[in-house]
Amino acid sequence: MGREGAQAVRASDYAFLEFRFLKPLLCVHGRYTFLQITKLILYSFYKNIVLSLILFSYGFVSLWSGNTLLENFFLLSYNLFYTCFIILVLACYERDIGIKAIYDNPELYKQVKDGIYWSNAKRYGWILSSIWHGLVIVFIMIFMFDDVILRQDGSSSVSFWAQCYIIQTILILVVTLKCISIHERFTILSLIMCILSLSVYFVFLLIIDYLFLNFESSILVISNMPNCFLIILFGVVTALLPDYVVY
């Protein structure tokens, strides 16, 4: 490489030594990167639309009193801890087809240009999915405000934070399982990050309940409610069933 070539390399954003490196750059790395970025963007918008829809809908229930439905630390940690690990793994290691298949089928490059990963249909589908998931959780939120639903005998009142914990748990499970469903290449690292995300959520839930809400014993109240786990299961299945059927 001459002096002019070396100067051009230093001034460029990226460079490759031989033209034969252009094929893997565009067809392999370009395809994988495009796939990873689009899923990262779509999922990031999705999980925040679901959360925002729940908080906005609660304003109608609370008559815009300014009261928050979800615990403050949960709102702080939602994007920071609970939903970030698994999507970062997907954004780094996601692949849809193998390298050999890409080289053997040059027409696959045209699929990327035609919008197989990024199109209006994809974007609208994710928006509809987020609205549906949010509405299901909102319905469960309103449904649970009747204590008879949670306690069959209706003998005692269920604390407000106990109901919030149920809603938070449904939300975390729904968005985590949604992320799992969009994986084309689910690795051991993805499984570890999924378990880590849920573990961090439940550990923080116990810590927050013990430190700040121990006077209500919200975790103990939930564990003694006969229909609590059925409500969580119903919410998760109802929210995700259309996604798995359509997908």
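1. A quick word on terms before the notes: "buried" here means under 20% relative accessible area, with exposed being over 50% and partly exposed in between (1.4 Å probe, protein chains only). Helices (H or I, at least four residues) and strands (E, at least two) are DSSP runs, numbered from the N terminus. By that reading, the buried residues of helix 4 are Ile86, Ile87, Val89, Leu90 and Ala91.

2. Some housekeeping. This is a predicted model, where local features need pLDDT of at least 70 and side-chain atom pairs count only at pLDDT 80 or more, while totals for chains, interfaces and linings use all residues. Residues are numbered from 1 along each chain as its sequence is written, and side-chain values use heavy atoms, with hydrogens and water left out.

3. The overall make-up. Of the 247 residues in the protein chain, 39% are buried. Taking contact as heavy atoms within 4.5 Å, look at the pairs in the protein chain that are at least 6 apart in sequence: 83% of those contacts join residues at least 24 apart.

4. The core. A nonpolar core is a set of buried Ala, Val, Leu, Ile, Met, Phe, Trp, Tyr and Cys residues joined through side-chain atoms within 4.5 Å. The largest one has 49 residues, and those with the most contacts inside it are Tyr43, Leu69, Phe74, Ile166, Ile170 and Leu171. At least two residues of this core come from each of helix 2 (22-61), helix 3 (72-82), helix 4 (85-93), helix 7 (120-144), helix 9 (160-181), helix 10 (188-212) and helix 12 (228-246). Helix 9 gives the most, with twelve residues.

5. Helix 2 against helix 4. These two pack at an angle of about 160°, with their axes 7 Å apart; axes are lines fitted to C-alpha atoms, for helices over the stretch in contact, and angles run from 0 to 180 degrees between N-to-C directions. Helix 2 and helix 4 are therefore roughly antiparallel, given that angles over 145 degrees count that way, under 35 as roughly parallel, 65 to 115 as roughly perpendicular and the rest as oblique. Their crossing is right-handed, a label used if the near helix is turned clockwise from the far one by less than a right angle, with left-handed for anticlockwise. On the helix 2 side the contact is made by Gln36, Lys39, Leu40 and Tyr43, and on the helix 4 side by Ile87, Leu90, Ala91, Cys92 and Tyr93. By class, that is seven nonpolar, one polar and one charged; Ala, Val, Leu, Ile, Met, Phe, Trp, Tyr, Cys and Pro count as nonpolar, Asp, Glu, Lys and Arg as charged, and the others, Gly among them, as polar.

6. Gln36 sits in helix 2 and is buried, with a relative accessible area of 11%. Not counting residues up to four places away in sequence, Gln36 touches Leu90, Ala91, Cys92, Tyr93 and Glu94.

7. Helix 3 against helix 9. Here the packing angle is about 20°, with the axes 13 Å apart, which makes helix 3 roughly parallel to helix 9. This crossing is right-handed as well. Phe74, Tyr78 and Tyr82 of helix 3 meet Gln168, Leu171, Ile172 and Val175 of helix 9. The class tally for this contact is six nonpolar, one polar and no charged residues.

8. What lies over helix 4? The cover on its buried residues includes helix 2, helix 9 and helix 10. From helix 10, Met193 touches Phe85, Ile86 and Val89, leaving out residues up to four places away in sequence. Met193 counts as buried at 16% relative accessibility. The C-alpha atoms of Met193 and Leu88 are separated by 9.1 Å, although these residues are 105 residues apart along the chain.

9. Ser190 is also in helix 10. With a relative accessible area of 1%, Ser190 is buried. Beyond its neighbours within four places in sequence, Ser190 is in contact with Ile86, Val89, His183 and Arg185.

10. Last, a loop residue. Ile182 lies in the loop between helix 9 and helix 10, and at 5% relative accessibility Ile182 counts as buried. Ile182 and Tyr43 are 139 residues apart in sequence, yet 9.2 Å apart in space, C-alpha to C-alpha.
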